[in-house]
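Dear colleague,

Please find below the structure that I am handing over to you.

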Amino acid sequence: MGIQIDVVAGYPVNDEVERVLGLAEAVGEPVTVTFMWEGIEEAECAVLVPAATLALWEHWAPTTYPPNAAGDERRAEAEEPELAHPREFGAFTLFRRRAGGRTAVARGGVVVAELLDPGEAHWLQEQARTVRQGFMDPKQKAAFEEFLARQSSPGER
């Protein structure tokens with residue numbers, strides 16, 4: 001899975017959100033972000049996926065993420081899609097999509113990352129890995145599976 005980075009932005013202000021977005025862009029790996037927005041009781045958790053990583057996942061994933069696959073039907077029914085007004089945080093602008101719930105993160109007019117639901121990010125990553133492994137020869141696939149098993153072993157960290 002690569003590096004696991006978790007960041008909490010408590011009552012985000014411009015500098016704090018810009019720092020989190022810059023961190024994700026700099027490491028080039030997905031970053032789990034928890035936003036504690038002012039005036040909203042429940043924290044918003046998302047995975048900030050660099051644009052190049054997301055493009056790779058979507059290239060290999062054979063289908064699109066099924067709606068409500070993360071078991072979040074209750075939240076989806078309760079919320080009306082919010083208007084897609086951009087929000088600026090320093091050098092970054094966030095564009096919330098009304099359909100699908102993703103938020104594109106742009107810097108200098110270029111999309112550098114997207115905020116995804118954690119379930120969708122995990123699903124895309126797993127689908128892409130599974131399909132990509134299908135293109136490996138059996139020896140390479142076995143070595144890769146062994147490598148992944150070592151990465152996820154809690155005793156070897």
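This is a predicted model: local features need pLDDT of at least 70, side-chain atom pairs count only at pLDDT 80 or more; totals for chains, interfaces and linings use all residues.

Residues are numbered from 1 along each chain as its sequence is written, and side-chain values use heavy atoms, with hydrogens and water left out.

The chain as a whole

The chain holds five helices and seven strands. Helices (H or I, at least four residues) and strands (E, at least two) are DSSP runs, numbered from the N terminus. Read from the N terminus on, the order of elements is β-α-β-β-α-α-β-β-β-β-α-α. Of its 157 residues, 32% count as buried; buried means under 20% relative accessible area, exposed over 50%, and partly exposed in between, with a 1.4 Å probe and protein chains only. A contact means heavy atoms within 4.5 Å. Among contacts between residues at least 6 apart in sequence, 51% join residues at least 24 apart.

The nonpolar cores

A nonpolar core is a set of buried Ala, Val, Leu, Ile, Met, Phe, Trp, Tyr and Cys residues joined through side-chain atoms within 4.5 Å. The largest one has 16 residues, of which Leu21, Val33, Leu48, Leu94, Val105 and Leu115 touch the most other members. Two or more residues of this core come from each of α1 (14–27), β2 (31–36), β3 (44–50), β5 (92–96) and β7 (110–116). Helix α1 gives the largest share, four residues. Apart from this core lies another, of twelve residues, including Val49, Trp60, Ala61 and Leu124.

Leu21 belongs to helix α1 and counts as buried because its relative accessibility is 3%. Leaving aside neighbours within four places in sequence, Leu21 is in contact with Leu48, Phe92, Leu94 and Val105. The C-alpha atoms of Leu21 and Ala106 are separated by 9.8 Å, although the two residues are 85 residues apart along the chain. Leu94, not counting residues up to four places away in sequence, touches Leu21, His85, Pro86, Arg87, Phe89, Thr103, Ala104, Val105 and Leu115.

Beyond residues up to four places away in sequence, Val49 touches Pro30, Leu54, Trp57, Ala113, Glu114 and Leu116. Val49 and Ala113 are 64 residues apart along the chain, and their C-alpha atoms are separated by 5.3 Å.

Helices α2 and α4

Two packed helices are described by the angle between their axes and the distance between the axes. The axes of α2 and α4 (residues 118–133) come within 7 Å and cross at roughly 60°. Axes are lines fitted to C-alpha atoms, for helices over the stretch in contact, and angles run from 0 to 180 degrees between N-to-C directions. Angles under 35 degrees count as roughly parallel, over 145 as roughly antiparallel, 65 to 115 as roughly perpendicular and the rest as oblique; α2 and α4 are therefore oblique to each other. The contact is made by Leu54, Leu56, Trp57, Glu58 and Trp60 of α2 and by Ala121, Leu124, Gln125, Gln127, Ala128, Val131 and Arg132 of α4.

Two residues of α2

Thr53 lies in helix α2 (residues 51–60). Is Thr53 buried or exposed? Thr53 counts as buried because its relative accessibility is 17%. Leaving aside its neighbours within four places in sequence, Thr53 is in contact with Gly28 and Pro30.

Ala52 is also found in helix α2, but Ala52 is exposed, with a relative accessible area of 62%. Ala52 and Gly28 are 24 residues apart in sequence and 8.4 Å apart in space, C-alpha to C-alpha.

Yours sincerely
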